[in-house]
Structure formats: structure tokens, C-alpha cells
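Here's a quick briefing to read alongside the model. Have a look at the sequence and the fold, then go through the points below.

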Amino acid sequence: MHRDPNVKLDNATLMARRQAALPRGVGQAQPVFVDRASNAEVWDVEGRRFIDFAGGIAVLNTGHSHPKIVAAVQEQVARFSHTCFQVLAYEPYVELCERLNALAPGQFAKKSFLMTTGAEAVENAVKIARAYTKRSGIIAFGGSFHGRTMMTMALTGKVAPYKIGFGPFPAEVYHAKYPNALHGVSIDDSIASIEALFKYDIEAERVAAIILEPVQGEGGFYVAPPEFAQRLRALCDKHGILLIADEVQTGAGRTGTWLACERWGVAPDIITMAKSIGGGYPISAIIGRAEVMDAPAAGGLGGTYSGNAISCTAALAVLDVFEEEKLLARSLALGERLITGLKKIAAKHRAIGDVRGQGAMVAFELFEGGDFAKPAAELTKQIVAEAAKRGLILLSCGTFANVIRVLVPLTASDAVIDEGLAIIDACFAQLA
Ligand code: PMP
């Protein structure tokens, strides 16, 4: 270890060093520095234990340091770590693409390739859609989050804090309304907002793709109903537009199916994945219709680290763990347990206006006095801070910053889940 284990670290000193050495733009939800982690628990440098309901923002569906994934990675590190797949290839990359293809919905041939981050996956989905359709326009949705690179910032439908001061962004990106029954946007309203774009901003014949999250992640865990996806699919087919599902947050079993779009009854042309497919190792995937994926010329896709060998091996181990531990069924059961527990807390506190979820992608939304016109952003902040004090890591999200989301590992025990729920209950008893 490069660090002297006899030097005692503490969170306050590390925060001061961080503030002096790092720019403020790099956020930090809690003033906590991690020493080690296991499954759904984390210990900080001062020896305090936390229950982790954040999962590294949806990255740890298989938990921290799953022994099978650790073993696979250790074996791969000792063998080789990097050759650059485009220089010297390796089998784990190919096997991962084969397995991802087989797991994606749609009765058509599929191909996929690998990148490193979610934003890169979305960037590449756009590149491919443009290369295939020879069109330029992209329609995304208000409240969406697609990443922090220039194109993905343009696609992201939330200004603060993601876009402030960073423009101008790439052109030909338009935003429609995402359906959101709770906040008064019906499926009809949403489809009408796309028709309005065709009227006021860009002709349908110049639109390459419509991109959506099946459940908006950063936007607040709002679920797009299957009927909406079916109507989008019909609209896309009518105008020769590709449909892209950004499953960076929803994918890898979070919603109870491997991909959330499996519930749609129609298939997207391109799917982006990242986060939990790598079990903590950076990897993303772009999966799609074979003829669409083959549109870019040879050499048009890739990157130095893309589909890194260690990450590929980790992702294959993640897939094995999903099968062996039946994590899709676990995701559904966990979701039910969370929803039941949160609804019990909501019954005692009017501030919790909605408890919702798909599988284990669960959230609750806070309003002042239960008034849907008054999102309770301040209370949300206080609950998250108090939970951390009591040993539970929570994440907020939402266009109105009033949603608390749960992204706990699917491998977490019922006992740890119940312990987390009890902390949320105590926070509301104190603050709401
Ligand atoms: N798309 C979605 C739906 C996401 O939730 C995220 C990350 N929160 C991204 C894209 C960007 O992923 P990354 O941070 O790995 O670039």
C-alpha cells in the first residue's frame, strides 16, 4: 500500500485537503471518505459504518466487492489489463457483446460494442443514429439526464446544475415533454409536444432519433408507461426515426427485468447501458439492430480504454452473479419490500406525497404539507443529511430536487434494508 497505514485519517482533514486541491464543481453528497465497503455497507476512514442506499449512483446492483467479481478481476489483472481492443483483441469483450445482444429485446439480429462511461455510450448512440439515417436532429425530453459531455449536456433536459456556464452546445437537439401524471403531463400532452417540434422547430424527415430513459433517473424516477413507448415506436416508424432507450441507470436489473424496455412490448433500435453492468468497473455498452450498428465506417467507433479487459471480465462476472443469485427476482421482491416500508412511513407524514418505483428502482417525493404544487426541496436536503448522520446514505434527485431515490444493491439482505427503512422513519419523525 502506498499509504502509511499508521497515519490516522479523518473526514474533516480530508474535506479541507479536498477543498484546497479540487475545484468546487466536483460535487460531494456527504463529507465522508471511504475506507472499505462490502455488499450494501460502507465504513469510513474513522471506522463509522453506513448502509449504502446510493450504490455509487446505480453502479452496484451486485453490491460492493462481490467475492465472485473480485476473484474474476484479480485473475484478469494478473493475466493482462490493457492492450486496447482495437490493437490486440481479447475474448471477454466478444463474449460480453454476445451476451448483451442475447439479453436485449426485439426479434432481430443485434450487435453491440463497448465504451467506458454512460455519456460515451449516449454519444455513440447519437453518432450511429446519424450515420445510419443520414439525418441530424435528435429529440430528447425535459427532465432527462444523459451525461456531462457536450452532446449529452445538450440532450440533458435540466439546466441547473448541469448546463450552467457551459454552452453553446451542439445544435439540432430538441426537447419534448416527458409524461408525468403526478405533475400534470399526460401521454397525449407528451406526444403533442413532439408533434409541435415537427411544426415549429424541425421537420420529422430530418430527425435521426428520439432518445428517452424508460424511467427518468436524475429527473426524479418517473416511469414512462408502456403505452407511451408504443406510441413513440409508431411515431418513429411513421417518420423513419430511430428510437434510443438510455438504460444507463435503469439497466442491469434495477427495475426487475434486465432492461426496463422489456416491459414496453416494443423494442428500441439502440440501447445504451453502463453503471451496474460493470459491478464497479468502468464500462458501457451500445446495443442495437445489426444493420443500424454497422452504419459507421470501420475505425469510426472505439477509444483507447473502451471495453477494457478488466471491466469486461467484471461485467461477465456480474452476468454470472445475476443468474446464480436470481437477482431479477430479487429486484422485484426488494422493490416490494421498499415500497411497503416507505408507504408505512408515508402514512404517518403528509410530506411524502408519492411512493413509486419499478422493481428496485424506488423513490419517494416530498411536498410541503402534501401540497403537490409545493415541492419540498429543503426538507429533502434535511432528510438526506440527517440520514447520513444516522448511518444511511441516501441520494436525492428530481427536476424540483424533492425526490429521494433508493439504489441499494440487489444483493442487500432484508435485515439491512429494514435497518435503512427504520433510519428513514426516524428522520421523518424528527424533521417532518
Ligand atoms: N444516462 C443516464 C440515464 C444516466 O443516469 C447517467 C448517469 N447518471 C448517464 C447517462 C451518464 O453516465 P456517466 O456518468 O457514466 O457518463
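T62 sits in the loop between α2 and α3, in what is a predicted model. With a relative accessibility of 1%, T62 falls under the 20% cut-off and so counts as buried. Its contacts beyond four places in sequence are I69, G279, V318, V321, F322, L327 and T411.

- N61 is placed in the loop between α2 (55–58) and α3 (67–79).
- Buried or exposed? N61 has 0% relative accessibility, so it goes down as buried.
- A polar atom of the N61 side chain is 2.8 Å from the backbone oxygen of A252.
- Setting aside residues up to four places away in sequence, N61 touches G251, A252, G253 and R254, along with S276, F322, L327, P409, L410 and T411.
- F322, L327 and T411 turn up in the contacts of N61 and also in those of T62.

- A58 isn't a glycine, yet it has a positive phi of about 70°.
- A58 belongs to helix α2, and its relative accessible area of 2% makes it buried.
- A401 is another non-glycine with a positive phi, this one about 55°.
- You'll find A401 in the loop between β14 (395–397) and β15 (403–406).
- At 38% relative accessibility, A401 is classed as partly exposed.

- The A160 to P161 peptide bond is cis, with omega near 0°.
- P161 is in the loop between α6 (150–155) and β6 (173–176).
- Going from G167 to P168, the peptide bond is cis too, with omega near 5°.
- P168 is also found in the loop between α6 and β6.

- D10 lies in the segment before α1 (11–21).
- Its relative accessible area is 28%, so D10 is partly exposed.
- Which backbone atom pairs up with the D10 side chain? It's the backbone nitrogen of A12, at 3.2 Å from a polar atom of that side chain.
- Not counting residues up to four places away in sequence, D10 touches V45 and E46.
- D10 and G47 are 37 residues apart along the chain, with their C-alpha atoms separated by 9.5 Å.

**The whole chain**

- How many helices and strands does the protein have? There are 13 helices and 15 strands.
- For 432 residues, a compact globule would have a radius of gyration near 22 Å, and the protein's 21 Å agrees with that.
- The C-alpha trace spans about 60 × 60 × 45 Å along the principal axes.
- Of the 432 residues, 55% are buried.
- If you take contacts between residues at least 6 apart in sequence, 71% join residues at least 24 apart.

**Surface and charge**

Technical notes. Residues numbered from 1 in each chain as written. Predicted model: local features only at pLDDT ≥ 70, side-chain atom pairs only at ≥ 80, totals over all residues. Heavy atoms only, no water. Helix = DSSP H or I, 4+ residues; strand = E, 2+ residues; numbered from the N terminus. Rg over C-alpha atoms; globule rule 2.2 N^0.38 Å. Buried < 20%, exposed > 50% of the residue type's maximum accessible area, 1.4 Å probe, protein only. Contact = heavy atoms within 4.5 Å. Polar contact = N/O pair within 3.5 Å; in protein donor to acceptor, adjacent residues only side chain to side chain.
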